[in-house]
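Notes below, in the order I looked things up.

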Amino acid sequence: MANTLQSAAGDSRSTKSDTDSEFLTQAGAGAVLRGALLKLLEVRSEDPIGFLADHFENLAQSLENGDSGSAVEGDKKQHQQTLQSSEEQNQHAGALWHLTQAHYSQRSAFNNNVAVAFSLLSRGGRKRKPGLKGRAYTELLRRVCRDGAVAEPVSAPLIRKLRCQDHEAVPFDLFRHAVLTCFVFADFVRKSRSLFETVSPSDGSLCRAVLGSLRDALETTGCSDPARYLEASAKLTPGRLAQAMDRAQTLASGTPSTLMGQEEFIEEASALFVSRVKRVS
Amino acid sequence: MNSKRFTLPVDEYLALEHVPFYIEDALSQLLEHKEEYTQFGIVRFFADYFNSVRNGNHILFREFSFVKATPHNRSSFLRAFWRCFRQIGKNGDLLTVMEYRSLLQLLCPDFPVELVQKAARIVLMDDAMDCLMSFPDFLYAFQIQFYYEEFFENIAVIYQDLLSGKSPNTVIVPTSFSAEQVTRPATSNTAAQEGVDSPLFCGCIEALCERYKYSHPPLSSIKEILCQVQRVSFYGFLMAIAKHEGINCDIGSLPSKADLLIDPEMDRELEKLIAQISVSPTSNSSSSTVGHKEPVRKASPRKSLHYRRRIDIESDGSNEETDSSEN
């Protein structure tokens with residue numbers, strides 16, 4: 001990476017080389033690019049160009065907002081308020097963008113992004129005290145779920161468990177835990193949907209059998225003993241699942257089949273998930 | 001891009017989408033037009049630059065060496081060409097090679113004539129090179145010729161080798177028995193017209209693709225084309241690639257033939273772009289002018305529409321605050 005900058009500077013060492021590299025150093029091009037590339041390499045985005053475009057755009061906007069902020073001094077209150085709400089919107093959008101940059105399985109990158117998002121949201125405004133308020137926190141969680149293609153009725157029980165009072169200050173640990181839970185939930189719902197699509201062409205008893213196995217496995221992980229996780233995943237092997245589905249089918253062979261709708265399936269699956277989430281006190 | 005990107009070394013990851021190339025180009029552009037860009041700040045410059053790369057506008061009015069440098073640049077250029085000159089297709093005009101080249105030069109002042117001629121050869125099946133061509137015919141042939149230029153050069157060599165009866169040393173032949181069967185010499189001119197044996201040709205192409213570093217059409221599509229005939233000629237093969245919908249989708253610049261001329265939303269963009277071209281000093285006044293030599297002051301290629309609008313807004317003296325919140 002340093003080679004890139006050096007070679008780019010080196011290419012311009014033809015006629016006005018000294019002024020060129022002087023100009024670049026003075027403008028701070030090296031530092032800006034280095035920061036951007038470090039971020040890109042940490043996140044390893046699928047679309048590096050898009051990532052760089054967004055990164056510089058966010059950076060430019062925050063610089064431009066910062067500049068325009070200083071000119072507001074002495075303006076009317078109304079103007080301040082519109083600026084504040086647009087600032088809040090920018091903060092929200094910025095925080096959300098940071099959170100989506102790395103998948104939660106990329107532990108260190110994800111944790112870094114959560115920290116950045118938290119500090120962005122906690123930044124004190126003109127009239128706001130620093131710190132993340134419950135209202136903004138709950139709103140962000142809703143956005144994460146919505147952006148992860150989870151419908152409102154499905155995410156509502158989860159949000160209810162995770163929410164804070166509007167005026168409460170939200171500590172970082174709670175923020176991280178809640179955001180992670182929402183992302184995992186969004187993935188879970190997505191997987192349930194594709195599971196439903198695989199199983200559903202047959203009748204509802206198979207769907208219920210699958211959900212039953214899932215519930216069984218999840219309930220096994222009651223304590224934090226690692227062996228229990230192995231036990232739980234053993235319950236979900238293809239062989240065991242096939243046995244469960246076969247049992248259900250033979251049991252139901254006499255009775256007329258009842259179809260299960262997608263919403264119902266997703267609702268039951270997400271209920272299994274939400275029941276494992278600890279309520280925030 | 002698959003999840004392998006997480007384990008690649010830094011250089012390889014960055015090279016996947018040619019990030020160092022674009023950074024170098026951004027810095028050169030910055031140095032070339034520093035008076036213009038330092039006014040708005042260096043971060044805004046990078047934001048605009050990478051946004052335009054993402055949107056595919058970055059290749060407009062740039063030199064040919066830049067336009068052909070990466071697959072993304074090539075496909076962006078193809079898309080821009082289609083968007084700009086779609087109207088010609090709509091009117092049903094037929095144009096010559098040199099006329100198409102002039103159009104290309106409006107977007108890229110030093111676009112070489114050889115490339116346009118190669119594209120025309122595909123449409124006209126290497127015959128009657130002063131014939132007129134329709135816009136869709138030319139566009140699809142030009143697309144594959146430009147996007148897969150290096151690949152076709154290699155294929156041409158393989159084809160010639162097969163025609164002259166040389167058995168290419170990299171061909172993968174399952175058994176030595178069939179290798180002996182294959183090396184019967186090509187006899188006469190009729191052989192050249194009949195082309196080469198398709199399965200053999202396919203095998204050679206497959207071997208090439210395995211070790212190939214440039215872009216090439218997906219092997220499955222190539223196999224699909226070649227398994228339909230026993231023998232294939234070079235331009236017959238190329239023409240089939242030009243018409244192949246799967247390959248067109250794989251490149252991703254142009255819509256399918258049915259949608260090529262349909263897009264009412266583009267008309268607005270087109271009008272703006274035409275207005276910009278007629279204002280820009282690099283535009284040609286008549287399409288029949290070829291290779292004009294007068295020195296042109298190159299308008300800054302970074303003045304995208306967005307940029308110009310921004311400058312207009314700033315100069316209107318509007319509030320900086322409202323401007324930033326609109327952005």
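Predicted model: local features only at pLDDT ≥ 70, side-chain atom pairs only at ≥ 80, totals over all residues.

**Entry 1: α13 of chain A.** I began with α13(A), which runs over residues 262-275 and so counts 14 residues. From first C-alpha to last I get 20 Å, close to the 20 Å expected at 1.5 Å a residue. Next I checked burial: F265(A), I266(A), A269(A), S270(A), L272(A), F273(A) and V274(A) are the buried residues here. What do the buried residues of α13(A) pack against? I found α8 (152-162), α9 (172-199) and α10 (204-220), which belong to chain A.

**Entry 2: α10 of chain B.** Just past the helix I noted G165(B), with a positive phi of about 85°.

**Entry 3: α6 against α7, chain B.** How do α6 (71-91) and α7 (97-107) of chain B cross? Their axes come within 11 Å, at roughly 120°. Angles from 65 to 115 degrees would be roughly perpendicular and those over 145 roughly antiparallel, so I logged α6(B) as oblique to α7(B). The crossing is right-handed. On the α6(B) side, F77(B), A80(B), F81(B), C84(B), F85(B) and I88(B) make the contact, and α7(B) brings L103(B), L104(B), L106(B) and L107(B). By class I get ten nonpolar residues, no polar and no charged ones.

Definitions and conventions: Residues numbered from 1 in each chain as written. Chains lettered and ligands numbered in written order. Heavy atoms only, no water. Helix = DSSP H or I, 4+ residues; strand = E, 2+ residues; numbered from the N terminus. Expected span 1.5 Å × (residues − 1). Buried < 20%, exposed > 50% of the residue type's maximum accessible area, 1.4 Å probe, protein only. Contact = heavy atoms within 4.5 Å. Axes fitted to C-alpha atoms, helices over the stretch in contact; angles between N-to-C directions. Parallel < 35°, antiparallel > 145°, perpendicular 65-115°, else oblique. Left-handed = near helix turned anticlockwise from the far one by under 90°. Nonpolar A, V, L, I, M, F, W, Y, C, P; charged D, E, K, R; others polar.
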